[in-house]
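This report walks through a structure for a reader who has not seen it before. Please keep the sequence and the 3D view at hand while reading.

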There are 2 protein chains.
Amino acid sequence: MARRTKDEAEKTRSAIIDAAEKVFFAHGVTRSSLELVAKEAGVTRGAVYWHFKNKPALLHAMAQRIILPHEDMLEKLAAQMSQTPIDDLRSVCIHTLKTMAKDKRRRHVLTILFMRCEYIEEMFDIIKRQNASKNRIVSLAEKLFSRAKDLKMLAPFWTPRQAAVAMEALIIGLILGWLEQPKRTNLATVGASCVEAFFISLKAEPSSYVLSES
Amino acid sequence: MARRTKDEAEKTRSAIIDAAEKVFFAHGVTRSSLELVAKEAGVTRGAVYWHFKNKPALLHAMAQRIILPHEDMLEKLAAQMSQTPIDDLRSVCIHTLKTMAKDKRRRHVLTILFMRCEYIEEMFDIIKRQNASKNRIVSLAEKLFSRAKDLKMLAPFWTPRQAAVAMEALIIGLILGWLEQPKRTNLATVGASCVEAFFISLKAEPSSYVLSES
DNA sequence: GGTTATACATTCATCGTTGTATGTATGTAA
DNA sequence: TTACATACATACAACGATGAATGTATAACC
């Protein structure tokens, strides 16, 4: 076939990623041949190899398309020095879960990343990126909880670090459980209510705080 | 080679699983050939195919060897109708994390199951088993939290269901984070302290627990 | 003590996938 | 208009893995 215009090329590129999402989701990353991906996208392997160096690169591009909503919202939060850091964190978490529950693409891609691919050498940069993102999130949350502690808003038995680590772990655990059994644990209802309760428990109650100070 | 005695056969069987743990951990399940596993175990593929139908069956056997300590401890707990269900749950969780942190085999196998294999059709029975185990745990925890609620020991903003789901999600999230970056988040210290704080927040009567034994 | 089932090793046939090399027609810039 | 870069399609070479079939020597059993 003949050369396409730049616009069309970009379209085929994203069509290939779309196809990869479908195929990887269905068969797992390793067992999906690029031949299949190409066929699903309506092109040949030539096109795939033109746009992407190899399979890991394609997966990387796929992961890049869905930046976790989490992260940039937290960035903004941490910058603006709010007076209600815990409530802000809570709404970010809730928002994350709710959007996740609705966004089919995100769900599929996360399923692929969590349950349909194997993290080994060639995936190293993907791993590194994911870890960096996770660490960034925890560190930002820790900063916000630290601020909450200064404002006497964090329950005394939580350190900022513990709260941040636990928050992240809880969210990831909920999402993972939901991915494993989407019908069993509704993210938007059950998951969100867990997060609500968790955040209530993070907040200092005036009375208990006074008692624990004595 | 010649036929071995039953005892020796059992030894080669577990040697194969041992080898599979190493090889799967290093290269991921899909990219590990049974040839490599056999070589690592000091046998040939013939032996592997004799003991296991195929690769998923081998993986299944591998997963079977490490029953989560979680589960049977919870079974006993739920049966004995203790007067301190929350504290009991807490010590089970802490114990789980601490043993996990020490047991290298368990860590490797969990890493394989979480990050080095792809869950697709042929893994269906493994998935089913894992989900069943998880659901059983959540359901037992829910029962215990329900008992705690009857005893007025559960903080009012937690429902038993939420508490159970959150507990499981937290544990899984912590373990996953630890598997991803073993050096970053020490399970036995950071993880355990998160769980401690979480369980304090589950308990009713803020004043009593902050000051009392922990 | 002979037979049979066992516990493997060896061999074979087949198939899918990968990366690359090459072909080709067209958009685009000079 | 030419000349080159682009966006693919097609073709090729090579390997590795799988499952099954077959071989075989010994342990276990009667």
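This is a predicted model: local features need pLDDT of at least 70, side-chain atom pairs count only at pLDDT 80 or more; totals for chains, interfaces and linings use all residues.

## How the two chains meet

In the contact between the chains, 41 residues of chain A touch 39 residues of chain B. On the side of chain A that touches chain B, helix 9 (160-180), helix 10 (187-202) and helix 11 (206-213) of chain A each supply at least two residues. Helix 9 of chain A gives the largest share, twelve residues. By type, the residues on this side of chain A are 22 nonpolar, 13 polar and six charged.

## The nonpolar core

In soluble globular proteins, nonpolar side chains tend to be buried together. Here the largest nonpolar core has 127 residues. Which of them touch the most other members? They are Ala141, Ala166 and Leu170 of chain A, and Ala141, Ala166 and Leu170 of chain B.

Leaving aside residues up to four places away in sequence, Ala141(B) touches Leu74(B), Leu89(B), Ala164(B), Met167(B) and Glu168(B). One of these, Leu89(B), is also among the buried residues of helix 6 of chain B.

## Helix 1 of chain B

Helix 1 of chain B covers residues 6-27, which is 22 residues. At 1.5 Å a residue it should span 32 Å, and its end C-alpha atoms are 31 Å apart, so the two values agree. Just after this helix, Gly28(B) takes a positive phi of about 85 degrees.

The buried residues of helix 1 of chain B are Ile16(B), Ile17(B), Ala19(B), Ala20(B), Glu21(B), Val23(B) and Phe24(B). What covers them includes helix 2 (34-41), helix 3 (45-51), helix 4 (55-65) and helix 7 (104-115) of chain B.

Met73(B) is found in helix 5 (residues 69-80) of chain B. Is Met73(B) buried, partly exposed or exposed? Because 19 other C-beta atoms lie within 10 Å, Met73(B) is partly exposed; a buried residue needs 20 or more. Met73(B) and Ile137(B) are 64 residues apart in sequence, and their C-alpha atoms are 9.9 Å apart in space.

Helix 6 of chain B holds 18 residues, 85-102.

## Loop residues with positive phi

Met81(A) is not a glycine, yet it has a positive phi of about 50 degrees. Met81(A) lies in the loop between helix 5 (69-80) and helix 6 (85-102) of chain A. With 9 other C-beta atoms within 10 Å, Met81(A) is exposed.

Lys152(B), also a residue other than glycine, has a positive phi near 60 degrees. Its place is the loop between helix 8 (124-150) and helix 9 (160-180) of chain B. Lys152(B) counts as exposed because it has 9 C-beta neighbours inside 10 Å.

Notes: Residues are numbered from 1 along each chain as its sequence is written. Chains are lettered from A and ligands numbered from 1 in the order in which they are written. Helices (H or I, at least four residues) and strands (E, at least two) are DSSP runs, numbered from the N terminus. The expected span of a helix is 1.5 Å times one less than its number of residues. A residue is buried if 20 or more other C-beta atoms lie within 10 Å of its own, exposed if 12 or fewer, and partly exposed in between; C-beta atoms are placed from the backbone. Two residues are in contact if their C-beta atoms, placed from the backbone, lie within 7 Å. Ala, Val, Leu, Ile, Met, Phe, Trp, Tyr, Cys and Pro count as nonpolar, Asp, Glu, Lys and Arg as charged, and the others, Gly among them, as polar. A nonpolar core is a set of buried Ala, Val, Leu, Ile, Met, Phe, Trp, Tyr and Cys residues joined through C-beta atoms within 7 Å.
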